[in-house]
Amino acid sequence: MLIRVSNENYTTQKGRESWGPKGYIAYSKLCTHLGCPVGLYEQELQLLVCPCHQSMFNVTNGAIPEFGPAPRPLPQLPLYIDAEGNIRAQNGYDQPVGPGFWERHNV
Amino acid sequence: MSDVTVPTTKRAKKAAEGPYGKIGQAINELDDRLGVAKGGRTFMDKIFPDHWSFMLGEIALYSFVILLVTGIYLTFYYVPSVAHVIYHGSYKPLDGQSVTQAFASTVNISFAVRGGLLMRQMHHWACDIFVGSIVVHMARVFFTGAFRKPRELNWTIGLTLMILAIGNGFLGYSLPDDLVSGTGIRIAYSIMESIPLVGTYLAFFVFGGNFPGTATIPRFFILHVLILPLVIIGLVTAHLFLLVRQKHTQFPGEGKTEKNVVGTPMFPVFMAKTTGFLFIVGGVTALLGAFAQINPIWQFGPYDAARISYAVQPDFYMGFLDGALRIWPSWSFASFGHTIPFEVFVPAVILPGIIFNIAYVWPMLERKFTHDNEIHNLLDRPSQRPKRTAAGVAVLVFISMLFIASSTDLIANFFHLSLNYVLWAMRFLVIVTPFIAYPITYKICKELQGVKGGGKRKTPNVVTRTVEGEYLATPTPSYSEDVMEELHPTPVPIFIEAEPDEPVESGVRTVDR
């Protein structure tokens, strides 16, 4: 999911200073509760809402779950803007996307 | 010249056929070869006790018959494949879209196949009726104590049937591969994945790889139309066999004892009633299928892992699971290189596991606590067993609250409440209401036990006027069938002689067990 939150470089969390070039930030759309697409956006509160079980994720601070049964933030995809002005990913997600499972290492 | 006289007149021909005519002759021929008369007679004379609540299981049976018939029709046109095709059917809003064959064929059934939409909607309605009537039938069996010795095995089979019905309902709901049902499969996958240690392997094994795979729909199809129906048919047969073998329970009343069965025989009374009932269930399902829209998949659109619809609920029998997933807090375990998603595993695996297992062992639990190891053929009135009734009501209230919790977002929208308040209210109500329901039910049962003439129909008072002009209201005695005392049964032969056929008033007969 690509969201533009400002015109400046946007930092959602410490250590992610370079992940949001020109205010473009990207999150995985798979809810960390049961894997539904987090498809609703509450604009006033800047919350992403999952229509399945109403988990809400705060866009501005790294998609930390603020409400509902989801246990983890949505993983953020580090972005950069290349020389031609295209938005690209620096690399993949730093953790598995979607719901939890036994073999998942990342806390 | 032969001695055999060939009957010439119509009357003489008829006389030669015997008292039962051509049908009697045909049955005679069958009996000569297969010996069907003895067993057939026993079956025809099988006695069924009568009470309106005994029809609930019949609703389940007949809605299953409708499911089979409409389901067979649907298999002629449904294509269980997720291969993509460009839709060019008669539903123009979808024209030119790339959809799976499963979705395209389901839309085709709805718009192009003659009677297809009717069959689809009847199938869906019959499934909801099937599961619903099983639940109500089970409640009847529970509250009247019909599960007690010797019928524990049939309780177990019935409960298994309910779980299979729910499971097969979910599988069938998933087959159209529409946006809503696809999200349901996604959730089912995540639930399976949440099981510690084996979850990932189990999900890969069942769904044929990671989500969304191409194997899921074909697998669900074969499970839905062949394997689970066969298991269900087998268990239904066992359920009915045990019912016939152990004979149906009956409510206490005149002439009814633990050792007899008072009711109407299979032929002609019960057979006529139950066949009529099949047509009523079929008729109601057909009316629903014709006039009440259900699961309009063309409005939802094809499944796409990145898309989702808003405010969609699963079929009602999945509601309690969805509600539990909504209100359970986000407690996850993640340490030692492993994650246990308790926020999914507890409400979606542990909780239904506990509910169904308690239901499975309930007959044993009750035997243990009441030390009652007798054979019971007479049913309880729910008020006679206040503890059991109160426990049953508490569990039903608990599940109903979970069901209501599956629409927290709708409730919040409708009443203009904060979703947070609704969520916390439901968390509170799910835990508290069963504890309120138990003592209230217990108290009501106790009160009912004390009511004079409880369980008997009201009888009129005869008002008379004396010579002095005084009015007197004299209560009339209660109906003889309502008298609870055990009377001595009138011995009646198990085999009722065909000749002479004595007409029994109301067709009620009594036989020994």
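Chain B and chain A bury about 2,700 Å² between them, 63% of it on carbon and sulfur atoms; buried area is the accessible area (1.4 Å probe) that two parts lose on being put together, summed over both. This is a predicted model, in which local features need pLDDT of at least 70 and side-chain atom pairs count only at pLDDT 80 or more, while totals for chains, interfaces and linings use all residues. Residues are numbered from 1 along each chain as its sequence is written, chains are lettered from A and ligands numbered from 1 in the order in which they are written, and side-chain values use heavy atoms, with hydrogens and water left out.

The table lists the interface counts.

| Item | Value |
|---|---|
| Residues of chain B in contact with chain A (heavy atoms within 4.5 Å) | 36 residues |
| Residues of chain A in contact with chain B | 30 residues |
| Salt bridges (Lys or Arg side-chain nitrogen within 4 Å of an Asp or Glu carboxyl oxygen) | zero salt bridges |

By class, the side of chain B that touches chain A has 17 nonpolar, twelve polar and seven charged residues (Ala, Val, Leu, Ile, Met, Phe, Trp, Tyr, Cys and Pro count as nonpolar, Asp, Glu, Lys and Arg as charged, and the others, Gly among them, as polar).

In chain A, three strands form an open antiparallel sheet in the order β1-β2-β7; strands are DSSP runs of E, at least two residues, numbered from the N terminus, and two strands pair if DSSP finds at least two bridges between them. The edge strands, each pairing on one side only, are β1 (2–4) and β7 (76–77) of chain A. Two bridges join β2 (residues 24–27) of chain A to β7(A), and A:A26 has A:L77 as its bridge partner in β7(A).

Methods. Helices (H or I, at least four residues) and strands (E, at least two) are DSSP runs, numbered from the N terminus.
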